Amino acid sequence: MTDPKRPSSSAGGRSNEEEYFARREAELLRQHREAMEKTAAEAERKLHVMKCPKCGFGLCTATGHGLPIVQCPHCLGLWLDANETEAVLKGTTEERAPVREALLSIVQSAGSKPDREWEAYAAQRAADLARQQQAEREQPALAAERATHRMKCPQCGFDLLTTSLHDIEIDQCSSCHGVWFDAGEAELMLKRSEAERGMFRSALLAIVKAVSGPRAKPK
Ligand SMILES: [Zn+2]
Ligand SMILES: [Zn+2]
């Protein structure tokens, strides 16, 4: 065995060599432990992907008015990733109106203007929830598992942070900057006057835009 970093044993005798091996062993163990912890943390975060950060049910996806929608079939909360949030908020008033209508109809328990698209989505969402609730009746452990997803990003698994923008509470991911709206908060935001929404939009745009700039690496 040739190890360039290995000290010559002639210098300090056998104790030096033993110390060297002990240190090397400790260092290897430390590196191994760190790698294991990193893998475990990554695996733990993956468990939260596509799970509601409020009630833990699996989220469902749909496309409404060209907008990819990620919603909880149980509490009807809404997830928008940073790019989608930016897309929803940008554009002219006319461009945003259909998106607003679509979002409003899906966060209300009965759509404000039920149409074919809304009905199809609502049926799919109800079926999704029924399937999950049935699975939970068969496996009661799933109910306890739901609690672990609380305030975890449904996209990357990092923690969500609660913030208030113009009296509307949102939860934002500390890592990917996506935004979670509780159904009530989304309804509140969407129903406000154009001027009030304008203020909210600017504030929200400012916090999601951080994504396009240098991104803070979570520790
Ligand atoms: Zn939920
Ligand atoms: Zn995230």
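Strands E5 and E6 pair in the antiparallel sense over two bridges, where strands count as paired if DSSP finds at least two bridges between them. Helices and strands here are DSSP runs numbered from the N terminus, with H or I runs of at least four residues for helices and E runs of at least two for strands. In this predicted model, local features need pLDDT of at least 70 and side-chain atom pairs count only at pLDDT 80 or more, while totals for chains, interfaces and linings use all residues. Residues are numbered from 1 along each chain as its sequence is written, and chains are lettered from A and ligands numbered from 1 in the order in which they are written.

Back to the pair itself: aspartate 171 stands opposite tryptophan 180 in E6. The two strands make a hairpin with five residues between them, and histidine 177 in that turn has a positive phi of about 70°. On the other pairing of E5, six bridges join it to strand E4 (residues 160–165), and these two strands run antiparallel as well. Leucine 160 faces cysteine 173 of E5, and threonine 162 is found opposite aspartate 171.

How enclosed is E5? Five of its six residues are buried, so E5 is largely enclosed by the rest of the structure. Buried means that 20 or more other C-beta atoms lie within 10 Å of a residue's own; with 12 or fewer the residue is exposed, and in between it is partly exposed, with C-beta atoms placed from the backbone.

As a general matter, nonpolar side chains in soluble globular proteins tend to be buried together. Take alanine 186: leaving aside neighbours within four places in sequence, it is in contact with Leu78, Leu103, Val107 and Phe181. Here, contact means that the C-beta atoms of two residues, placed from the backbone, lie within 7 Å.

The buried residues of H3 are Ala82, Thr85 and Val88. They cover an arc of only 125° around the axis, which puts them on the same side of H3; the arc is that of the directions from the helix axis to the C-beta atoms. Just after H3 comes glycine 91, with a positive phi of about 90°.

Helix H2 (residues 14–46) tells another story. Its 33 residues reach 48 Å from the first C-alpha to the last, close to the expected 48 Å, a figure that comes from 1.5 Å times one less than the number of residues. H2 is hardly covered, and its count of buried residues is zero.

Two loop residues have their own entries. Methionine 50 sits in the loop between H2 and strand E1 (60–64), and its phi is near 65°, a positive value in a residue other than glycine. Buried, exposed or in between: what is methionine 50? It is partly exposed, because 13 other C-beta atoms lie within 10 Å. Not counting residues up to four places away in sequence, methionine 50 touches Gly58, Leu59 and Pro154. Its C-alpha atom is separated by 9.5 Å from that of tryptophan 79, 29 residues apart along the chain. Leucine 76, in the loop between E2 and E3, has a phi near 65°, again a positive value in a residue other than glycine. Leucine 76 is buried, with 20 other C-beta atoms within 10 Å.

Zooming out, the chain has eight helices and six strands, which follow the pattern α-α-β-β-β-α-α-α-α-β-β-β-α-α along the sequence. Of its 219 residues, 26% count as buried. Among contacts with a separation of 6 or more, 56% involve residues 24 or more positions apart.

Finally, there is the matter of confidence. The mean pLDDT of the chain is 82, and 85% of the residues reach 70 or more; pLDDT is the predictor's confidence in each residue, from 0 to 100. Confidence is highest in H2, at 93, and lowest in helix H1 (residues 9–12), at a mean of 50. Over residues 212–219 the pLDDT is below 50, and this stretch has three contacts in the model beyond near neighbours in sequence.
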